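Open the model in your viewer and keep the selection panel at hand. The tour below goes from one selection to the next and says what is there.

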Amino acid sequence: MLDGKPPAERIPILKLGEFLLVTIQVEMHDRLVMTLQDELTHQIVRHRARGVLIDISALEIVDSFIGRALGNIANMSRILDAETVVVGMRPAVAITLVELGLNLDGVRTALNAEKGMALIRRSLGPAGGLDAGGS
Amino acid sequence: MPAVREEMLDVRSDEDVVRVRQITRQWAVGLGFSLVDQTKIVTAASELARNTLIHGGGGSTRIEELRDGSRHGLRLTFEDKGPGIADVPQALRDGYTTGSGLGLGLGGARRLSSEFDIVSAAGQGTRVRITRWK
């Protein structure tokens, strides 16, 4: 559970070959969401990343603010020639999102990190991904 | 309807919005809400607490446990002394926004609640009250 932890000031972004990995494990206050959005965009360019995997399996809610940020990240990364996949959304979060009216247009999702990584690799084609020796 | 117990929270910062979510979650768990119902009420609380902060310039959230016979409910009241909403029906429409948001906050919170009530007057502030019954 996330409850009780003090709010963090940034979320770590890990570089793995051509991919950036983000695992959100803290309670997301709005400033933190904006910081993540900015930092990810910069790091996509800095590392010439081709794929971004965002794991939200620890997130207990996704409200309209976080949902919008995920959409922004997906759109900005696409413009920068990187694919974003959001993985691990909890079923209760998905049900709530639909009722809230948020359909996460343009955001690709996968059930878990493994499936998400496969999705990114496929979209990059045969030359893409770690196995092709990208760095 | 009289509340069985209540708790007041300030809404003055991003961290306070997070706190409203956490405390709402604790109460919903305590009342035995299902995981989906917990998620719905916490999400609605997040939208409305953010409205209180951004549009109302800060305010408060009151969390109350209601009992109606054998029914248990959680009532949340968000109150601010901000500029108020000139056109409430318009503000409830999806996609209507005065700020940088998606305009889903009010309408979305209403859909996630069993009961929804809003009182707003120009120059006097806004009070939004939602209830979710178990």
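Start by selecting helix 2 of chain A together with what covers its buried residues: the cover includes helix 1, strand 3 (51-55), strand 4 (83-87) and helix 3 of chain A, along with helix 2 and helix 4 (105-111) of chain B. Keep in mind throughout that this is a predicted model.

Which residues of helix 2 of chain A are buried? Colour A:Ser64, A:Phe65, A:Ile66, A:Gly67, A:Leu70, A:Ile73, A:Ala74 and A:Ser77 to see them. Next, check the length of this helix. Its 16 residues, at 1.5 Å a residue, should span 22 Å, and the end C-alpha atoms of helix 2 of chain A are 22 Å apart, so the two agree.

Now show both chains and select the contacts between them. Here 20 residues of chain A are in contact with 25 residues of chain B. On the side of chain A that touches chain B, at least two residues each come from helix 1 (30-46), helix 2 (64-79) and helix 3 (91-100) of chain A. Helix 3 of chain A gives the largest share, six residues. Coloured by type, the residues on this side of chain A are eight nonpolar, four polar and eight charged.

Move to chain B and display its strands. Five of them make an open sheet with antiparallel pairing, in the order 1-2-3-5-4. At the edges are strand 1 (3-11) and strand 4 (115-121) of chain B, each of which pairs on one side only. On average, neighbouring strands of this sheet are turned by 15° against each other, direction ignored.

Zoom in on strand 2 (residues 59-68) and strand 3 (residues 71-80) of chain B, an antiparallel pair with ten bridges. Within strand 3 of chain B, B:Arg71 is the residue opposite B:Asp68.

Helix 1 (residues 14-30) of chain B lies across strands 1, 2 and 3 of chain B, at about 165° to strand 1 of chain B. Helix 2 (residues 35-54) of chain B also packs on the sheet; it touches strand 1, strand 2, strand 3 and strand 5 (125-133) of chain B, and its direction makes about 15° with that of strand 3 of chain B.

Finish with the largest nonpolar core, which has 61 residues. The members touching the most other members are A:Val52, A:Leu53, B:Ile41, B:Ala45 and B:Ala49. Helix 2 of chain B supplies the largest share of this core, seven residues. Last, select B:Ala45: leaving aside neighbours within four places in sequence, B:Ala45 is in contact with B:Val20, B:Arg21, B:Thr24 and B:Leu76.

Technical notes
Residues are numbered from 1 along each chain as its sequence is written. Chains are lettered from A and ligands numbered from 1 in the order in which they are written. This is a predicted model: local features need pLDDT of at least 70, side-chain atom pairs count only at pLDDT 80 or more; totals for chains, interfaces and linings use all residues. Two residues are in contact if their C-beta atoms, placed from the backbone, lie within 7 Å. Helices (H or I, at least four residues) and strands (E, at least two) are DSSP runs, numbered from the N terminus. Ala, Val, Leu, Ile, Met, Phe, Trp, Tyr, Cys and Pro count as nonpolar, Asp, Glu, Lys and Arg as charged, and the others, Gly among them, as polar. Two strands pair if DSSP finds at least two bridges between them. Axes are lines fitted to C-alpha atoms, for helices over the stretch in contact, and angles run from 0 to 180 degrees between N-to-C directions. The expected span of a helix is 1.5 Å times one less than its number of residues. A residue is buried if 20 or more other C-beta atoms lie within 10 Å of its own, exposed if 12 or fewer, and partly exposed in between; C-beta atoms are placed from the backbone. A nonpolar core is a set of buried Ala, Val, Leu, Ile, Met, Phe, Trp, Tyr and Cys residues joined through C-beta atoms within 7 Å.
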